[in-house]
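The following note sets out some points for discussion with a colleague. Please read each one alongside the model.

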Amino acid sequence: MKFDRAKNAVKTCLVLCLILCLFSIILSSSDPSLSVTVMLISGICFVLSIVIAYLYCICPYCGKHIILGMFKIKRCPKCRRDLATGAKYGKGNKKKH
């Protein structure tokens, strides 16, 4: 799985986790057993997002895990390659040829 696709999968899992948590809170007063079930599904989504981030959010060029800041990062902090195009960047923002 490519970095962008993994990043979107993690984002989707985290949003689904948040929605399910809120739904569980709403259900807690009316049906406690359903609330617990929804909370468990939310926990599974959260764990799945961590597993996807660890297994697939890596730089395709140097293999460094990119977990912290994965939603805003454009270049690998280790090899300084653009994660979308693969272009090599030097120090600062200058592009190397």
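**Notes on the predicted model**

1. Met-1 lies in the segment before α1, the helix covering residues 3-27. Please note that this is a predicted model. Met-1 has a relative accessible area of 52%, and it is therefore classed as exposed, the cut-off being over 50%.

2. Met-1 also belongs to a nonpolar surface patch, together with Leu-14, Phe-46, Val-47, Ile-50, Val-51, Tyr-54, Leu-55, Tyr-56, Ile-67 and Phe-71. The accessible area of these residues together is about 990 Å².

3. Which helix gives the most to the nonpolar patch? The answer is α2, which spans residues 32-56 and supplies seven residues.

4. Met-70 is found in the segment after α2. With a relative accessible area of 5%, Met-70 is buried, because the class requires a value under 20%.

5. Leaving aside residues up to four places away in sequence, Met-70 touches Phe-3, Lys-7, Val-10, Ala-53 and Cys-57. As for Cys-17, its C-alpha atom is separated by 18 Å from that of Met-70, and the two residues are 53 apart along the chain.

6. Arg-80 has its place in the segment after α2, and with a relative accessibility of 40% it counts as partly exposed.

Conventions:
Residues are numbered from 1 along each chain as its sequence is written. This is a predicted model: local features need pLDDT of at least 70, side-chain atom pairs count only at pLDDT 80 or more; totals for chains, interfaces and linings use all residues. Side-chain values use heavy atoms; hydrogens and water are left out. Patches are made of residues with over 30% relative accessible area and no salt bridge: like charges are joined within 9 Å, nonpolar side chains (Val, Leu, Ile, Met, Phe, Trp, Tyr) within 5 Å. Accessible areas come from the Shrake-Rupley method with a 1.4 Å probe; for residues, only the protein chains shown count as cover. A salt bridge is a side-chain nitrogen of Lys or Arg within 4 Å of a carboxyl oxygen of Asp or Glu. Helices (H or I, at least four residues) and strands (E, at least two) are DSSP runs, numbered from the N terminus. Buried means under 20% relative accessible area, exposed over 50%, partly exposed in between (1.4 Å probe, protein chains only). Contact means heavy atoms within 4.5 Å.
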